[in-house]
Amino acid sequence: MKTAKKYFQEYGFWVLNKVYPRKQIKSVCQRIMIDIKKCANELNCSLEDYLTNVSRWLNPSPITASIDQLVETSLKQIASDFIGEEVNLSKFSIISKSAYANTPVPCHQDIAYSKEAPYEFSLWLPLDKVTLEGGVLQLLPGSHLSEIEPAVDFWQPDFIDNMYLSPYWQQNFISLPVRAGDAIVFDSRIWHRSAANRSGRNRFAIVTRWSQINYSPSCKIPEKIPANFGMWTCGALTESILRQGLSECFQLKITSDLENYIRLWQEKLNKVKQLPFLIEVEQAQQALNNLWILHKAVQLHNGGDAQGVVYSNLWRSLLEPLSRWLEKSKA
Ligand SMILES: O=C(O)CCC(=O)C(=O)O
């Protein structure tokens with residue numbers, strides 16, 4: 001393990017081959033699929049609609065329950081053996097890049113998102129074969145030794161992945177295609193992304209975060225810079241715009257919760273012949289329905305949107321034209 005550890009320290013990552021037998025991985029994957037179908041049923045939506053909008057489940061969740069023991073015992077052992085010291089689990093999730101939600105996760109440094117509870121490294125264990133076309137993990141070797149930049153808010157509707165477009169990334173990144181049951185260990189400071197999945201097949205991964213017992217980061221972690229409508233602001237802003245819209249467009253002066261605002265907007269869009277602002281009603285309906293699925297999955301399944309598409313689609317199809325109209329009508 002000495003060479004591997006040295007390589008990891010120098011370049012910020014390492015690939016462990018065949019840490020799990022394929023047969024065992026296959027049965028883990030089948031179990032997860034059964035649980036995802038149950039969650040979709042619970043929301044009365046199709047598997048396709050569920051996986052279009054929900055692409056991450058943070059433990060504890062009905063989707064991660066079946067692998068809790070596997071993570072706490074054998075993955076912990078693998079992570080500890082690799083580092084050469086006992087490590088503690090910070091958190092773990094299952095991330096999907098399915099045929100239904102297949103877009104890239106933009107370039108980012110994990111540690112920038114966890115200033116309050118930083119962790120040292122990840123062990124990323126794919127449950128499916130990951131080809132170059134199939135949502136492959138890509139990273140910038142050695143970039144864990146550079147400064148940490150503020151967390152990238154890739155939920156912004158007009159987000160441009162400047163790191164991905166930069167010569168630094170384009171000339172130096174590497175892709176890590178792996179087999180189901182291999183594992184990629186990467187430093188929480190390294191720049192990385194996952195590419196689009198054009199394989200037409202699902203790609204699930206168990207993503208576990210670890211630290212050595214006395215870990216404390218040696219780098220400075222900058223404060224996040226929330227965008228006007230992005231990862232840290234879109235929830236509250238969506239509620240507020242939908243509530244104001246109900247009040248100003250339909251004289252429905254209620255204070256309720258997101259679920260109710262979504263339902264009322266769906267009813268209004270179904271019935272009302274003309275709105276005071278221009279939208280594609282069908283797209284707005286679809287985006288509201290997608291947000292409802294994500295919102296229920298957040299509440300019931302500890303789910304999330306790893307690719308940041310649900311809120312930004314609602315922004316484009318409804319919230320932006322509505323908020324412009326609200327501003328005009330206030331002026
Ligand atoms: O699994 C993925 O698609 C993205 C993983 C990732 O970026 C991470 O674990 O930090």
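## About the model

The model is predicted, so to speak of local features a pLDDT of at least 70 is needed, side-chain atom pairs count only at pLDDT 80 or more, and totals for chains, interfaces and linings use all residues. Residues are numbered from 1 along each chain as its sequence is written, and side-chain values use heavy atoms, with hydrogens and water left out.

## Salt bridges

Side chains of opposite charge can pair when their charged atoms come close. A salt bridge here is a side-chain nitrogen of Lys or Arg within 4 Å of a carboxyl oxygen of Asp or Glu. By this rule there are eight salt bridges.

Let's begin in helix α2 (residues 22–42), which holds both arginine 31 and aspartate 35. Helices are DSSP runs of H or I with at least four residues, strands are E runs of at least two, and both are numbered from the N terminus. The two residues sit four apart, about one turn of the helix, and their closest N and O atoms are 3.0 Å apart in a salt bridge. Arg31 and Asp35 also belong to a network of salt bridges that includes Lys38.

How accessible are these two partners? Aspartate 35 is buried, at 6% relative accessible area, whereas arginine 31 is partly exposed, at 39%. Buried means under 20% relative accessible area, exposed means over 50%, and partly exposed lies in between (1.4 Å probe, protein chains only).

## Two further pairs

In helix α8 (residues 258–271), arginine 263 and glutamate 267 are four residues apart, about one helical turn. Their side chains meet in a salt bridge with an N to O distance of 2.8 Å. Arginine 263 is partly exposed at 40% relative accessibility, and glutamate 267 is partly exposed at 33%.

Another salt bridge joins the side chains of arginine 189 and aspartate 187, at 2.9 Å from N to O. Here arginine 189 and aspartate 187 are both buried.

## A buried serine

Where does serine 55 lie? Serine 55 is found in the loop between α3 (47–53) and β2 (56–58).

Leaving aside residues up to four places away in sequence, serine 55 touches Ile94, Ile95, Ser96, Gly304, Asp305, Ala306 and Gln307; contact means heavy atoms within 4.5 Å. As for alanine 306, its backbone nitrogen lies 2.8 Å from a polar atom of the serine 55 side chain.

Notes
A polar contact is a pair of N or O atoms within 3.5 Å; within protein, one must be able to donate a hydrogen and the other to accept it, and residues adjacent in sequence count only if both atoms are side-chain atoms.
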